[in-house]
Amino acid sequence: MPRLDQGRPFLTLGVVLLAWLILPTLFKRSARLGFYELQAPMDVAASYARDLQDFWSQKTRSKNEVIEAARDLARLNASYELRLQDDARLRAEITRLEQLLRLPSYGEFRAEPARVARRDFNVWWQRMVIRKGSNHGLRVGSPVIYVGGLVGRVAEVHATTSIVELISSPGLRLAAVFEGDDRPVSFQGGVNPALRPAEALLEFVPLDLFATASAPRRLVTSGLGGVYPPGLSVGEVVQLEPSTDGLFKTGRVRLDPRLGRITEVTVLVPLDPAFAAGESPAP
Amino acid sequence: MFHSLRQVLVLLACAGLLGALVGQLNHALAPLAVTVAVPGLLLSFAALRLPLRTGLAVACLAGLWIDAAAPVGFGRHALFFGIAFCALHQVRSRLPRQETLIGVVAALFINLALFVLFALLDLGALPDPASSGLRLLLELLVSQLFTALIGPWFLALQGGALRLASAQPETTVGRFA
């Protein structure tokens, strides 16, 4: 009898586990959603509090500093105006060439800027919560970018928040190309040493490509698969060495250190829903 | 019945507060590539001072709370929290469990056990386990320091919150007085 009494905690846990196993999946999904939506307002409120803190710290700036910042912004705006005109010309050229060569066009995206509510970067996963969700038309699988290039993809969409899986996450793989080369290589995140910027692994790199820490090569998205638009910066290849089978090379990619300090991102919401799901684009 | 329910709700609110605080700390630490985790603190009070069923409910629900925001199977943390709770509940009669120091030490041991367990289960799935192993060691160290630092405050917060809600756990002296 005393032995049975000693095992009572584990017996109770076993009963709870059994009850959990026979619970319908629908109940578990609802429970997960409920727990998540209970937490989301805390993250969002903390994020708004940080924004307010930034606002008040900006208010302490002198008028001269504000005038200087406005002047710099005006210069930037002027250069961006020129870039926009150039961009429109290039887009027209691409459309003309696509029609001429009868090539399938790349997917069109709508840009949706969003603030980062919380960063959750640990060894097992690298994710962030952003302050926009299904209410803003975000979809699972949409690519996410920032000033330094590709951030990752939307992994979960909730009512007012979404979860973005970063390219530094072990679970994220994508097809990339070396800048100036059109052969795809396999990219996988997940090397996240402490106190240093994240790194990623490269596989299936052709043998005639070279990169070292002193002469790194830029890695960009290939556009294959239709999820990520081509040409987005992924990182810098700093190491390449022959793989064990000798047919390809494997390597390491140094990711942008700004990835760990991100405060604002842009979600590229595909106008054609098939793109977000990673399917082939509609004709 | 309502007494137990109040205990569960109060301790879950405390767990939510701690989760939010640790989440904000991890947000700030993200550029340094270091994360803090304090699962032991969520469990030690419940395992040392609450009755079995109430404490187990707190442990499992706190686990589900973490599972909801993590890309793992829903129920995984709840299961491991349940096991850790049962292990601590089993030995609590041999400990001076009302002592704050014992609560903090128990939280440190639970942290260590869960860190090792998750590392054993998942480290092989990472693309570069060697560098991840070093980071895990550093994170364990930082987490233990953080747990030792805020442990007394959090245990006092839980006790204070229960007193405020008139849901204090029965002590042995109280029961037989």
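Visitor: Over how many bridges do strand β7 (residues 185–191) of chain A and strand β8 (residues 199–205) of chain A pair?

Guide: This is a predicted model, in which local features need pLDDT of at least 70 and side-chain atom pairs count only at pLDDT 80 or more, while totals for chains, interfaces and linings use all residues. Residues are numbered from 1 along each chain as its sequence is written, and chains are lettered from A and ligands numbered from 1 in the order in which they are written. Helices (H or I, at least four residues) and strands (E, at least two) are DSSP runs numbered from the N terminus, and two strands count as paired if DSSP finds at least two bridges between them. In β8(A), A:G189 has A:A200 opposite, and the antiparallel pairing of β7(A) with β8(A) extends over five bridges.

Visitor: How many degrees does the twist average from one strand to the next?

Guide: In chain A, six strands with antiparallel pairing close into a barrel in the order β6-β7-β8-β11-β10-β9. From one strand to the next, where axes are lines fitted to C-alpha atoms (for helices over the stretch in contact) and angles run from 0 to 180 degrees between N-to-C directions, the twist averages 45 degrees.

Visitor: Which residue of β2(A) does A:D120 stand opposite?

Guide: Strand β1 (residues 109–121) of chain A pairs in the antiparallel sense with strand β12 (residues 264–270) of chain A over seven bridges, A:R110 having A:V269 as its bridge partner there. Five bridges also join β1(A), again antiparallel, to strand β2 (residues 126–130) of chain A, and a hairpin of four residues connects β1(A) and β2(A). In β2(A), the residue opposite A:D120 is A:R127.

Visitor: How many residues does the largest nonpolar core have?

Guide: A nonpolar core is a set of buried Ala, Val, Leu, Ile, Met, Phe, Trp, Tyr and Cys residues joined through C-beta atoms within 7 Å. A residue is buried if 20 or more other C-beta atoms, placed from the backbone, lie within 10 Å of its own, exposed if 12 or fewer do, and partly exposed in between. Those with the most contacts inside the largest core are A:V151, A:V164, A:F187, A:V234 and A:V265. The number of residues in this core is 48.

Visitor: Which helix gives the most to the side of chain B that touches chain A?

Guide: Contact requires the C-beta atoms of two residues, placed from the backbone, to lie within 7 Å, and it takes 38 residues from chain B and 40 residues from chain A. At least two residues of that side of chain B come from each of α1 (2–29), α3 (52–68), α4 (76–91) and α6 (129–164) of chain B. With seven residues, the helix that gives the most is α3(B).

Visitor: Which helix of chain A do the buried residues of α4(B) pack against?

Guide: The buried residues of α4(B) include B:F81, B:F85 and B:L88. Together with α2 (39–49), α3 and α5 (100–122) of chain B, they pack against a helix of chain A, namely α2 (8–22).
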